[in-house]
Amino acid sequence: MPRAVVVLPTTTYRATDFVRAAEGLGVDLIVASEEPPPFDMGDRYLQIDCADPAHAAESIMAIGDRAHIDGVVAADDAGVLVAALSATGLGLRANPPDAARATRDKGMQRDRLAAAEVPQPRFALFGPGEDVELAAGEIGYPLVVKPVDRAAAQGVIRVDRREDLGPAVARVRAIVGSSADLLLEEHMPGLEVALEGILRDGELTELALFDKPGAGEGPFFPETILVTPSRLDEETQSECSRVATAALSAIGLVHGPVHVEMKVTGRLVRVIEVAARSIGGLCSRSLNFGLTGTSLEALILRNAIGLDKPELRRELVASGVLMVPIPQRGIFVEMTGLEEVRAIEHVTSIDVTVTPGSEVVPPPEGDRYIGFVFARATTPQLVETALDEAMQTLQVIIE
């Protein structure tokens, strides 16, 4: 029986989906995470600290000394360096650790993209005590302030005027720490898209291109709706593929799942950021492959253990997901309108991912969602309409 390790940080939603995929494939799955998953894994659970990648990788490699491991995958950003270090140490196909590290450091990532002349926004990296107004003047307004090491729009703030720059920087530093480096980036107008894919020996298999209709213009940037297939014309979609492939090569990624976010302005496609993991949250449930509904997690595990099926393509129908944002800080009480949403045509399921009584924090301080709504239909527009209606129907009660 093939054996794989999945690295799961504390905040992941995806433990259940990876375990279910492994069972379906007949893969012996070991869960390496900061806290035990919400089900009993017995001796197939390994406690690690994703904040100490080297030590976590050593713990995984120690298992490899006792029992053969065929692949190591990361479910989320926090585990990508752990997976790269441990898989490389075990002699498995993996991303080079320095490439994985560049996906976790947006300053390093921007430098690599710039060196390879991959289209991206103008940017500047600045540390504590450096003249941020000088850097901002070179980029121009509006611009975006963001941390170099966060995901899910945490700490990302749009700034339109010079007088708002200082308060925005102070707010981001309050989230990530006063000594952290920050990025300034040109704010790019246009449509945001996300390419989902899998690399094998440097070759990209594109799995889906998501449109993000209604992607916010700020000042904060929580994601809401993703719909695939993209409604961009064929020429622009080809340019998205070209730019994404160039970005992956520039960073040095060669194996495993990838998620590339881009902005399309007319015919110009520019990279927002590249991740060495698959789409976040529960959004992977919006994707099925082949005639039997193979999950994205199953494709990722197949890739990790060398049983790729590149011929598997996304189902023919359109699909999408609504990530229900947190509207305000407080204690989550409930989300109402669930039955009404389930009755909306083309809505297939809804998952509430926050337990009543939990404290919730919206962006830019927070990085979580209340829940996820999924839809499938014959066209992307029908999917978007159903998810828009769901957004209007749901009411999030916070005290």
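Predicted model: local features only at pLDDT ≥ 70, side-chain atom pairs only at ≥ 80, totals over all residues.
Figure 1. Five strands, β6 (143-147), β8 (182-186), β11 (225-228), β12 (256-265) and β13 (268-275), each contribute at least two residues to the lining of the largest pocket. The lining comprises 50 residues, and those nearest the centre of the pocket are Ala151, Ala152, Ala153, Gln154 and Glu273. Sorted by class, the lining residues are 22 nonpolar, ten polar and 18 charged, and they surround a pocket with a volume of about 1100 Å³.

**Figure 2. The open sheet of four strands, in the order β3-β2-β1-β4.** The pairing in this sheet is parallel, and β3 (45-47) and β4 (71-74) form its edges, each of them pairing on one side only. Direction ignored, neighbouring strands of the sheet are turned against each other by 20° on average. Strand β2 (residues 28-33) runs parallel to β3 and is joined to β3 by three bridges; serine 33 has glutamine 47 of β3 as its bridge partner.

**Figure 3. Helices α2 and α9 against the strands of the sheet.** Helix α2 (residues 53-66) packs on the sheet, where it touches β1 (3-8), β2, β3 and β4, and the direction of α2 makes about 145° with that of β3. Helix α9 (residues 296-305) lies across β1, β2 and β4, and runs at about 140° to β4.

**Figure 4. The crossing of helices α4 and α5.** The axes of α4 (residues 97-104) and α5 (residues 106-115) come within 5 Å and cross at roughly 110°, and the two helices are therefore roughly perpendicular to each other. On the α4 side the contact is made by Asp98, Ala99, Arg101, Ala102, Thr103 and Arg104, and on the α5 side by Lys106, Met108, Gln109 and Arg112. The residues of this contact divide into five charged, three nonpolar and two polar.

Conventions. Residues numbered from 1 in each chain as written. Heavy atoms only, no water. Axes fitted to C-alpha atoms, helices over the stretch in contact; angles between N-to-C directions. Parallel < 35°, antiparallel > 145°, perpendicular 65-115°, else oblique. Contact = heavy atoms within 4.5 Å. Nonpolar A, V, L, I, M, F, W, Y, C, P; charged D, E, K, R; others polar. 1 Å grid on protein atoms, 1.4 Å probe; cavity = no way out; pocket = protein on both sides within 12 Å on 5 of 7 lines; lining within 4 Å. Points joined across faces, edges and corners; volume = space filled by probe spheres on them. Pairing = 2+ DSSP bridges.
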